[in-house]
Amino acid sequence: MSEAKTLHDAFLDELRDAYDAEKQLTKAIPKMAKAATSPDLRAAFEAHLEETRGHITRLEEVFAGLDEKIRGKHCDGIAGIIEEGKSVMEEDFDDATMDACLIAGGQRAEHYEMAAYGSLIAWARAMDHTEAADLLQETLEEEKAADEKLSSLAENGINQAAADAAAPEEDQDDDERDKPAAKTPSKATVATKRARRR
Ligand SMILES: [Fe+2]
Ligand SMILES: [Fe+2]
């Protein structure tokens, strides 16, 4: 019987998986940037594309530090997330809703990466691969920051713009629906409601 594989083998496998995932993302992120309407969202995707290229370089450094050949192994997980993102981009959403969906898809990818790097770092530390752990930690911090940036873009305007596009003004308050006067609220009323929601 052949010897059982070890945590080191699992670690190398996951590194190859992450390497392939990052490569897939360098092809997917430009499409998301192109599909974005908000200039801030597009800029966030473009900035993270640059960081993603850096993640690939860091993984190459990790392989080199372990005297291992640089090699990827198809990552089915990120492929599925990218595939779902593609279907969303094919939908005919209004601009704000498309931006909200791009953020949701982007955050799925970031959380997947955060989970992968979190395990890699813990394993590297457990096996005393300190240099590898430190490199992977730098990447994890950038994934977290990218995720937070997407949250802040969603919460500081994009989600509300999408919600406003979804709800014609006269339907926004259920409790006022039956009152004839509420059907055409004054501009001041609408502004007050918006301010209250923010
Ligand atoms: Fe990454
Ligand atoms: Fe990322």
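Is the crossing of α4 and α5 left-handed or right-handed? The crossing of these two helices is left-handed, and the points below build up the picture around it. Please keep in mind as you read that this is a predicted model.

1. Start with the overall plan. The protein has 6 helices and 0 strands, and the pattern along the sequence reads α-α-α-α-α-α. Of the 198 residues in the protein, 29% are buried. Now look at contacts between residues at least 6 apart in sequence: 75% of them join residues at least 24 apart.

2. Next, follow α4 and α5 as a pair. Two packed helices are described by the angle between their axes and the distance between the axes. For α4 and α5, the axes come within 8 Å and cross at roughly 160 degrees. Angles over 145 degrees count as roughly antiparallel, so α4 is roughly antiparallel to α5. Sorted by class, their contact has 20 nonpolar, 8 polar and 7 charged residues.

3. Helix α5 has another partner, α2. Helix α2 covers residues 39-65, and its axis comes within 9 Å of that of α5, with a crossing of roughly 170 degrees. These two helices are therefore roughly antiparallel to each other as well. On the α2 side, the contact includes Asp 40, Leu 41, Ala 44, His 48 and Glu 51. On the α5 side, the residues include Glu 131, Ala 132, Leu 135 and Leu 136. By class, the contact of α2 with α5 has 10 nonpolar, 4 polar and 8 charged residues.

4. Which residues of α2 are buried? They are Leu 41, Ala 44, Phe 45, His 48, Thr 52, His 55, Ile 56, Arg 58, Leu 59 and Val 62.

5. Helix α2 has 27 residues, so at 1.5 Å a residue it should span 39 Å; its end C-alpha atoms are 39 Å apart, which agrees. Helix α4, residues 95-126, has 32 residues and should span 46 Å; the separation of its end C-alpha atoms is 46 Å, so the two values agree.

6. After α2 comes Asp 67, with a positive phi near 60 degrees. After α4 comes Asp 128, and its phi is also positive, near 60 degrees.

7. Is Ala 166 buried or exposed? Ala 166 counts as exposed because it has 11 C-beta neighbours inside 10 Å, and the cut-off for exposed is 12 or fewer. The C-alpha atoms of Ala 166 and Asp 94 are separated by 9.0 Å, while along the chain these residues are 72 apart.

Terms used. Residues numbered from 1 in each chain as written. Chains lettered and ligands numbered in written order. Predicted model: local features only at pLDDT ≥ 70, side-chain atom pairs only at ≥ 80, totals over all residues. Buried ≥ 20, exposed ≤ 12 C-beta atoms within 10 Å, placed from the backbone. Helix = DSSP H or I, 4+ residues; strand = E, 2+ residues; numbered from the N terminus. Expected span 1.5 Å × (residues − 1). Axes fitted to C-alpha atoms, helices over the stretch in contact; angles between N-to-C directions. Parallel < 35°, antiparallel > 145°, perpendicular 65-115°, else oblique. Contact = placed C-beta atoms within 7 Å. Nonpolar A, V, L, I, M, F, W, Y, C, P; charged D, E, K, R; others polar. Left-handed = near helix turned anticlockwise from the far one by under 90°.
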